[in-house]
Amino acid sequence: MKDCMIVIMEGAPVGIVINEFEEELKHLDGVVEIHDLHIWSLSVGKPALSAHVFSTDPSTTLRKATRLCRRYGIYHSTIQI
């Protein structure tokens with residue numbers, strides 16, 4: 001029941017600490033700033049992410065940010081560079 005409530009309330013997925021993810025994202029090559037980072041559950045076990053990332057090297061940052069998402073089990077992501 002708790003997992004269902006997290007999904008319904010669009011809460012952070014169990015097992016993902018958003019502050020830790022954000023810190024790792026900030027330290028990727030080229031990242032200057034991050035805005036509107038949101039991580040929520042589409043369903044149990046299916047996290048989603050959206051973020052605006054300002055970068056000095058957009059291609060590299062997008063590739064590395066996507067890899068970071070995969071490490072956290074996030075396969076539904078929208079990252080605007």
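## Strands side by side

His38 stands opposite Ser50 in β2. These residues belong to a pairing in which β1 and β2 run antiparallel over nine bridges; strands count as paired if DSSP finds at least two bridges between them. Two residues lie between the strands of this hairpin, and Gly45 takes a positive phi near 85 degrees there.

On to the next pairing: β2 and β3 (residues 76-80) are parallel, with five bridges. Here Ala51 has Ile79 in β3 as its bridge partner.

## The model and its layout

This is a predicted model, where local features need pLDDT of at least 70 and side-chain atom pairs count only at pLDDT 80 or more, while totals for chains, interfaces and linings use all residues. Residues are numbered from 1 along each chain as its sequence is written, and side-chain values use heavy atoms, leaving out hydrogens and water.

The protein has three helices and three strands, taken from DSSP runs (helices H or I, at least four residues; strands E, at least two) and numbered from the N terminus. Their order from the N terminus is α-α-β-β-α-β.

## Inside the protein

Of the 81 residues, 33% are buried, meaning under 20% relative accessible area with a 1.4 Å probe, protein chains only.

Technical notes: Buried < 20%, exposed > 50% of the residue type's maximum accessible area, 1.4 Å probe, protein only.
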